[in-house]
Structure formats: structure tokens, C-alpha cells
Amino acid sequence: MNGANLLRTIAALAVLYSHISFYLLDDVGGGWWMLDLVGVVFIGGLGLNLHLSFVGVSIFMLLTGLLITRSAMRQSRRDFMVARLARLVPAFWFAIALAVILVKLGLNGMFSGQPGITNGEAALSFFLGGFFLKPEVAVLGVTWTLVVQVAFYLYCTSMRSTLRSRPIVVPILGAALCALIITYNMYAPQPYAIPFLTKVGAILPTLFLGQIIYLGWARLATWRWLSVAVIAQIEVIRLAMEARAFWTSDRYLWTLFVIVATVVVLARYDGPITRWPVIRWIGTRSYGIYLIHTLILYRIYATVEPHFGPTVAVIAFLIGTAAIAEIMYRWIELPAARWISEWYARISARSAARSAA
């Protein structure tokens, strides 16, 4: 997948744009020439979601389904989960700790509207538990997508035997489970509903679409069954739109179609742009960029914009995000993943030695 970093770069830039657009247009009530340009070309012209909402997230989710399916099929359940957690958890915990500190110091607000966060809620946030409270408690709003990714990992792990023997069953059954979750929350009495699961059930089909793309490219299913699996995901998304899981429901399916086409075209693209240093840098730091950008966007913009205008404020925000993402990548993501991998290798070696003895 030579185009993976290019797609990650596009996704990261779309996420950054989306939150800048939300903040400037909906919160501040201001404007910026880049918002006008993107509005004309991509929103008005191409018909994508307002603010490019879900564009970046959809690309990340499609890539997850596309790239992770092969690992889930080839690795053991334990190896697969350790590798995924080693990749995700250290940077996630760092970002959550930073978000909690900023809220406790009064520098940042909560993403779910509460005036602050209790110690118990802070502890839950390190395990994504705040999203399941009523009302939700989000100290770092973007981490809701990690719940969807972890759910996909656990589902693939539990279905590993089926994924190896009858792989097309996995996304079809996954669509049925998502439909059940959404339907339950639509009709269950309010005290028994878990609203956040509707969002999980609405986004998981995007990962399954990535999985279906992989199964098609690997020739692990016939086109007839691949078509059935795609239709199943579309119907779940239509159900989610009926349940109002997406605020941009009238454009979501079209936006997703454009994103799927983009991923199919670019995932295996091997042109010169894929080897540009900036593409590789953003692609490899995209996880840190995604986690950290909303923690510094509003404070930097509000400080810089009154003195230098919106363009300089956005540039200052991008520089700050890049600097912290680089620190996270070099001092947290890589060392922690390496330490966890080495620790797990030692544990596995001792276990193998005991078994041999």
C-alpha cells in the first residue's frame, strides 16, 4: 500500500481543516479565505459534507479496515492485540493526561460541556469510559474514534477463525450486529439505551468497507459476495442516518462514496508524491497530529489572531501541532512501542522455553 502515507496526509489535513472551520464559522463567527476556497471547490462543487465533516475520519477508518484485516488473519489473537495496543495506547495516554492537566489548570474546557472533570471521570477517560456515561464526559473529544477502532480490533480477533476460512462472512455479520445496536438504541427506553453505541454502530461500516476492499484485492471472495457485503454496509449507514447518527445526513453517503473512490485509487498509487519527505512526515505523525490538535487550536488562535489576523493564527497553530506531534512520535510513540514489543518478545520466549521443557 504505497499510497497509505499520502492518504493519511490527506486525512490529517481534512481533520485539521474540519476543526478550524467549525471553530471559525460556528464558534467565533469569523471567516478566512481558505474556508471560502474549500467551500467553493469541495463543498459547493464536489458536494462533500459541510466543514468537510467525517472526510478525514472516513479515510482513517477505511485505511484501518484495509490494512488491519491482513494482520488479523495472519497474526495470533494475542500478537495482534499487543501490536495494536502498543501502537495506540502510549500516545493516547499522553494526550489524555495533557488534556486533564489543561482542564484542571483552567486553560482548556471540556469537549462535552461540563465545567470540569472529577478524578474518577479522569481515570475513566484513560480507558475511553467517559463516552459511555450519561451524559458523556469527553476530556478529549477526538478519542471517540478509538472506541470504534478498538471495537473493530476485538471483533476481528473474536472472528479470526471465520476471517481465515470464510472471510466475507465477517463484514456481513458485522453489518447485522451494527444494525441491531442502532435499532436497539432507537427503540429501547431511555434509561436502558446507550446513545454512544449508535455512533459506534454507524461508523463501523466504514471500517468494514475497508475490509471488503482488502478481500477484493486479495481475491478472497467473489464479486457477488463482495457486492452483498457492500450493500449490507450501505443499508446500515442508511439506518444510522434515520437514527440521526450523522448531523450531515443528507450528504454523508455521497461523501463516503467519494472517499471510498479516493482510497481505492490512491492506496496502491506509487507516484513521486508518495516519496515526498513532507508526505512521509505527516503520514507517520498523523496519529499524534490527530490526538493533539484540538488541545492547542483554540488557545493559540485566540491568542494570535487579534494581533496578526487569521492566516498567521492558523500557521501558528499548525507549527505548534507539528512540534508537539514530533515530540510525541520521537519520545513517546516509537520508544514505548519498541519497549512493549521487546517486553512481549521476552515474555513469549520464556513461555516457549517452558513449553519446550
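In helix α6, the buried residues are Trp 144, Thr 145, Leu 146, Val 147, Val 148, Gln 149, Phe 152, Tyr 153, Tyr 155, Cys 156 and Thr 157. Buried here means under 20% relative accessible area, with exposed over 50% and partly exposed in between (1.4 Å probe, protein chains only). Helices (H or I, at least four residues) are DSSP runs, numbered from the N terminus. A word on the source: this is a predicted model, where local features need pLDDT of at least 70, side-chain atom pairs count only at pLDDT 80 or more, and totals for chains, interfaces and linings use all residues. Residues are numbered from 1 along each chain as its sequence is written, and side-chain values use heavy atoms, with hydrogens and water left out.

**View A. Helix α6, mostly covered.** Of the 15 residues in α6, 11 are buried. Those buried residues pack against α3, α4 (77–104), α7 (160–165), α8 (169–187), α9 and α12. The helix covers residues 144–158, and its end C-alpha atoms sit 22 Å apart, which agrees with the 21 Å it should span at 1.5 Å a residue. That expected span is 1.5 Å times one less than the number of residues.

**View B. Thr 157, a buried residue of α6.** Thr 157 has a relative accessible area of 13%, so it counts as buried. Leaving aside neighbours within four places in sequence, Thr 157 is in contact with Arg 77, Phe 80 and Met 81. Contact means heavy atoms within 4.5 Å.

**View C. Thr 143, in the loop between α5 (119–125) and α6.** Thr 143 is buried, with a relative accessible area of 2%. Skip the neighbours within four places in sequence, and Thr 143 touches Phe 92, Ile 96, Leu 128, Phe 131 and Leu 291. From Thr 143 to Ala 4 is 139 residues in sequence and 21 Å in space, C-alpha to C-alpha.

**View D. The one cavity of 30 Å³ or more in the whole structure.** On a 1 Å grid over the protein atoms alone, a cavity is a set of points where a 1.4 Å probe fits but cannot get out, and lining residues have an atom within 4 Å of a point. Grid points are joined across faces, edges and corners, and a volume is the space filled by probe spheres set on the points. The largest cavity holds about 50 Å³. Its lining includes Phe 92, Ile 96, Val 139 and Thr 143. By class, the lining has seven nonpolar residues, three polar and no charged. Ala, Val, Leu, Ile, Met, Phe, Trp, Tyr, Cys and Pro count as nonpolar, Asp, Glu, Lys and Arg as charged, and the others, Gly among them, as polar.

**View E. The largest pocket, with about 840 Å³ of space.** A pocket is an open set of grid points with protein on both sides within 12 Å along at least five of seven lines. Among the 29 lining residues, His 19, Phe 22, Gly 141, Trp 144 and Lys 199 lie nearest the centre. The elements giving two or more residues to this lining are α1 (4–28), α3 (55–74), α9 (195–217) and α12 (277–308). α1 gives the most, with seven residues.

**View F. Helix α9, also mostly covered.** In α9, 19 of the 23 residues are buried. After α9 comes Arg 219, whose phi is positive, near 55°.
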